[in-house]
Amino acid sequence: MKLYTAKSENVSGKPVVLDDTILTKDMPTAAGSKMLDGYMSLFDAEIISKLKDAGFGICGKANVGEMAIDLLGETSYYGECTDESGKLVGASAEIVKNGEAVAAISMDVCGSSARAAAMSGLVYIKPTYGTVSRFGTIPAACSGECVAVSAKTASECREVLSAIAGHDDKDGTSLPEDKCALLKADAPRSEIKKIAIAKALVDSASDEVKALIESFKANADGVEFAPIDANELTYAQAAWNILMSAEVCNNVSKYDGVKYGYRAAEFSNIDELYTNSRTEAFGYLLKSTILFGSETLSEDNYMKVYDKALRVRRVIVEYFDKLFADFDAVLMPVSSKTAYTKADTDANTYIAYDESIYTAPASITGLPRAVVGGVQLVGKAFSENSLLDLATKVRKEGK
Amino acid sequence: MDREILRRLESLNQLRLTEEEKEKVLSFFEMQDKEITRLGDIDTEKVERMVHVMPMNNVIREDVVNKVFTRDELQAAAPEAYDGYWQVPRLVE
Amino acid sequence: MKYETVIGLEVHVEMATESKIFCSCSAKFGGEQNDHVCPACCGMPGMLPIVNKHVVDLGMTAGMMLNCDINRTTTFDKKSYYYPDLPNAYQTTQWFAPVCVNGTVDIKTSKGEKKVRIKQIHMEEDAGKLVHDDWTDSTLVDFNRTSVPLIEIVSQPDLSSAEEVIAYLERLRSLLRFAKVSDCRWEQGSMRCDVNLSVRPEGSDVLGVRTEMKNMNSLSAIERAIEYETARHIDAIENGTEVLVQETRRWDDIKGKSYAMRTKETAGDYRYFPDPNVMPVVIDDEWYNRIKETLPDLPEVKAQKFIELGLTEYDADQLIQSRALCDVFEAAYKTSGLAKESANWIITDCMTILNKKQMTADMLSISGKALGELIKLVAEEKVNRGNAKRILAVMFDEDINPQEYAEKNGLIVSNDTGKLEEVVKAVCAADPKSVEDYKNGKEKVFMALFGQCMKQLQGNCNPQALKEALLKELQ
């Protein structure tokens, strides 16, 4: 089992571990793919200088699933990670849980790292889209993926998020500084008082997950909870699966064995070079994603599939807007179960596509999600501090 | 979704699946197809598509040249390079 | 039966920007292989595209020159295919909302005037260059041109002959060069053309089978290719020599034939979708008007204005061959008030220097104001023509003030008659034999003495005054 794909010798500052989807120039970055095994980036991700400026040091790179689109790292070229009981865990989350790093930084494409935080009992925050620069991250599904943070406590999460949030001219989707500043630890925020519980999503989850929801409610003193039907949110799954797959298909097409990365040993022409390299270097889930994503963009399907998903995205965004007129956040599971094993992912290669029913709503809308106590809260845009305040309260931190 | 479409998709995406993988991917497509059909429940005719979740306009830069990396640095990881070029099998011309 | 040819063109023009469309690499032509390259334009992960504002300026300019409607909200999309010259395996282009739509270009041919409709103009990135190398028996890839900004100008199928196509392309080239959108150099690939052609019986409103010839890069090749393809299509229709199929063909200009290109079954399956990393470009009135105000007159309008200033039609026509010549002329005229002289200095003297330097008219970058000042100095007989030419040559290399330069280097015509007489006396004293010969009726020697005086004066005198002084001395 490989938790680290690279480790720093001398760490100055509070140690932070990066998922192997974040580019570093002094350590290789492979995004869990044989295609990029040993790939050395010429430049660091934007967040790295921000972390260093805030007194953090990078202690290493953590194993991730290929392009971070799987359930819990099970598709990594370097193998999956499990705990003593055989339960699948996210490598960076486990490194934090072991106390080797104060926080883990990941790419949240469709919630893989959010699930990992839940499995390892961490607090997790995926901020509002555009508040943390994606410059220097391995692109998978650019329209929704975000740099996310997990830590043992809400206050550590906040400290790291506060350090990395900020406008970046090198990222064309980076929001203006005044918006990014809302994520700073000392920014004004309102208190979360009223939370909607997304029934349609809770109902489909296991009893253990339902118990986590109840436990969350019990610990959220003074917060009013109200169940809502939330059937609309279930459509986010198909829509995000479409958008994500198409974007992944497009983003990994640059890995073709020509410029860098894996090149097959045998080929007799350019098409064989491409096909053999990609066939040998990509894992099965990624291949399926590429093929599905490609098909959603075909001339025949574009309007009825891809374009439809773009419109459904707006429907979901507007649905949240309506909810947020009455509620401060929406509570939902982050996964259907509280533990998965290799047997689960072997039995269903596409389990991540099924589990995205819980994670797609925040991914497709770019809204912030927090994971605390193994459940997920989706908040208004820029409500990260409010979500983390609530996490502090629920976890009885500092008491 | 049939094997013919799948064969075309493999070619289009420079991938080659084994027979076993093809079976699996066909069932995956079938599953996704059901989900896609379900999206039909939502009337989106009057809904505008949403590409960017945090919409902004005119994220543009001035026309200024800035060179950061040398050719040698860029080609350091090239599987094959010759005389400052990336190199591939000869294309039929 | 009589046939008509139906032709539509897709013209690619590389824009005259300093940097590339989505990254800050140099967009200059040339350079060593892979020298104008960064992680973004060689397909490495982690860099994000940021649109070059000047590209949008030039895209709008092109559209305005071609009477297009400007899409006030214009967006970028990704087009996917695998080829070694495309490092990301996608090209960022404009598929859903191109910057310009619905334009027209007026052309003149032997058959009269015609309006060619423009369907759209979109902005996109160029691909790299492939070198098929015999020595290594491989293909070598150069990404210097990758991501250089392009506009693609798509015409409606309104053209019906090689003559019309040439007229259209020449007109496009003139307009785009005039508006400084591009240098439009066929030989450097900054202007390229895809020709879509079909043939049908005259008067029919059903289009025939269409073939496409891609990446044509010279007018003469385009002309020959159109004639060949037209004949091939007619032959196929009339004599059944072959079955026409919709396909892409390669024109071999040496053999004078077109060949069907082997294409993959998936060719053309580009899977366009909106680029999530590039925000829409919204052109407000202020931006729109700013570009509108910088538009030059059309070349023929400019020529008419020049003629009204007193230039001949020929001179005006020479000047409008290049926007640079027009700009220098206008500034020189504004300073000197002398139209004819300004034109002559540009058409004759500047062009001679440019030719010597193996530069084109477009590369004329001297200050028109300085040229105007120089012309004034000559007109006021303060500097003679020969010295003025010398000063002009210096102006090509240095930013100088002609008057100051002339003063500093002793090139000002002297009006000092004392000095004149002094020199004449000295020359005559130094060459008593010539003086003697002149006095003996050998009038030819006058010019030799005159020349010696002129040389001593470094040409800085009024020739008439010198002549009079010398005659006086010789009497």
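Guide: Helices (H or I, at least four residues) and strands (E, at least two) are DSSP runs, and they are numbered from the N terminus. This is a predicted model, in which local features need pLDDT of at least 70 and side-chain atom pairs count only at pLDDT 80 or more, while totals for chains, interfaces and linings use all residues. Residues are numbered from 1 along each chain as its sequence is written, and chains are lettered from A and ligands numbered from 1 in the order in which they are written.

Visitor: Okay, where does Ala68(A) sit?

Guide: Ala68(A) is in the loop that runs between strand S3 (56-62) and helix H2 (91-97) of chain A. Its phi is positive, about 55°, although Ala68(A) is not a glycine.

Visitor: Is Ala68(A) buried or exposed?

Guide: Ala68(A) counts as buried because it has 30 C-beta neighbours inside 10 Å. The rule is that a residue is buried if 20 or more other C-beta atoms lie within 10 Å of its own, exposed if 12 or fewer, and partly exposed in between, with C-beta atoms placed from the backbone.

Visitor: And what is the phi of Ala31(A)?

Guide: The phi of Ala31(A) is near 50°, a positive value in a residue other than glycine. Ala31(A) belongs to the loop between strand S2 (14-19) and helix H1 (46-53) of chain A, and it counts as buried because it has 31 C-beta neighbours inside 10 Å.

Visitor: What about Glu384(A), which helix is that in?

Guide: Glu384(A) lies in helix H14 (residues 384-394) of chain A, and it is classed as buried because it has 30 C-beta neighbours inside 10 Å.

Visitor: Which residues does Glu384(A) touch?

Guide: Leaving out residues up to four places away in sequence, Glu384(A) touches Ile125(A), Pro127(A), Thr128(A), Leu161(A), Leu183(A) and Pro368(A). Contact between two residues means that their C-beta atoms, placed from the backbone, lie within 7 Å. The C-alpha atoms of Glu384(A) and Arg158(A) are separated by 8.4 Å, although the two residues are 226 residues apart along the chain.

Visitor: Switching to whole chains, how many residues of chain A and chain B make the contact?

Guide: That contact takes 53 residues from chain A and 38 residues from chain B. On the side of chain A that touches chain B, the largest share, 10 residues, comes from H11(A), which spans 302-326.

Visitor: How many residues of chain C are in contact with chain B?

Guide: There, 40 residues of chain C are in contact with 32 residues of chain B. S10(C), which covers 138-142, gives the largest share of the chain C side, five residues. By class, that side has 20 nonpolar, 13 polar and seven charged residues, where Ala, Val, Leu, Ile, Met, Phe, Trp, Tyr, Cys and Pro count as nonpolar, Asp, Glu, Lys and Arg as charged, and the others, Gly among them, as polar.

Visitor: In what sense do strand S3 of chain B and S10(C) pair?

Guide: Strand S3 (residues 85-89) of chain B and S10(C) pair in the antiparallel sense over four bridges, and Thr139(C) is the bridge partner of Val88(B). Two strands pair if DSSP finds at least two bridges between them.

Visitor: Staying with chain C, how many helices and strands are there?

Guide: Chain C has 15 helices and 17 strands, and buried residues make up 43% of its 475 residues. Its C-alpha atoms fill a box of roughly 95 × 60 × 55 Å, taken along the principal axes.

Visitor: What order do the strands of the open sheet take?

Guide: The open sheet of nine strands in chain C has the order S3-S7-S8-S11-S1-S12-S13-S14-S15, with mixed pairing. Strand S3 (69-70) and strand S15 (257-260) of chain C stand at the edges with a single partner strand each, so one side of each is left without a neighbour in the sheet. Within the sheet, strand S12 (residues 191-201) and strand S13 (residues 211-216) of chain C pair in the antiparallel sense over four bridges, and Cys193(C) stands opposite Met216(C).

Visitor: Last one, at what angle do H13 and H14 of chain C cross?

Guide: The axes of helix H13 (residues 432-439) and helix H14 (residues 445-456) of chain C cross at roughly 145° and come within 9 Å. Axes here are lines fitted to C-alpha atoms, for helices over the stretch in contact, and angles run from 0 to 180 degrees between N-to-C directions. Ser434(C), Asp437(C) and Tyr438(C) of H13(C) make the contact with Val445(C), Phe446(C), Ala448(C) and Leu449(C) of H14(C).
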